[in-house]
Amino acid sequence: EWAGQRVERIEELFQGRFPGVQVTVHPGQGVSVRIRGAGTLIGSGEPLYVIDGMQVEPGPTGLLALNPYDVERIEVLKEPAQTAEYGVRGANGVIRISTRRGGR
């Protein structure tokens, strides 16, 4: 699905592929991801990441420790009805990622 697109970080797959998703690279500081339309009720405004059904926190620089070539599917959830199952943690939106390995 990502064939032909050379990327080094998984966050690069979000840019320009999903309406309302903004990826900002802060040189020397890392990456921030925001989902427009999702509330910013908690913390930094970063979305919740769910990889193969497991909630995952990005590293201190905002990067996910996941090889972009292992990604099979990415879903961006931003509507309250879509994020309700994640409670308040999903208030800033949810990025759900399925990998080819399907459960690490």
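1. Let's start with T83, which touches L77, K78, G90, G93 and V94, leaving aside residues up to four places away in sequence; a contact here means heavy atoms within 4.5 Å. T83 sits in helix α1, residues 80–83. Helices are DSSP runs of H or I with at least four residues, strands are runs of E with at least two, and both are numbered from the N terminus. T83 counts as buried because its relative accessibility is 7%. The classes are buried for under 20% relative accessible area, exposed for over 50%, and partly exposed in between, with a 1.4 Å probe and protein chains only.

2. A word on what you are looking at: this is a predicted model, in which local features need pLDDT of at least 70 and side-chain atom pairs count only at pLDDT 80 or more, while totals for chains, interfaces and linings use all residues. Residues are numbered from 1 along each chain as its sequence is written, and side-chain values use heavy atoms, with hydrogens and water left out.

3. Now the overall layout. The chain has 1 helix and 6 strands, and from the N terminus on the order is β-β-β-β-β-α-β. Of the 104 residues in the chain, 41% are buried. Among contacts with a separation of 6 or more, 61% join residues 24 or more positions apart.

4. What does the largest nonpolar core look like? It holds 19 residues, and I10, F14, V21, V33, I74, I95 and I97 touch the most other members. Such a core is a set of buried Ala, Val, Leu, Ile, Met, Phe, Trp, Tyr and Cys residues joined through side-chain atoms within 4.5 Å. At least two of its residues come from each of β1, β2, β3 (48–51), β5 (71–77) and β6 (94–99). Apart from it lies another core of 5 residues, including L48, V50, L77 and V94. In soluble globular proteins, nonpolar side chains tend to be buried together.

5. Two loops are worth a visit. G28 lies in the loop between β1 (21–26) and β2 (30–35), and G28 counts as exposed because its relative accessibility is 87%. D52 is in the loop between β3 and β4 (54–56); the phi of D52 is near 50°, a positive value in a residue other than glycine.
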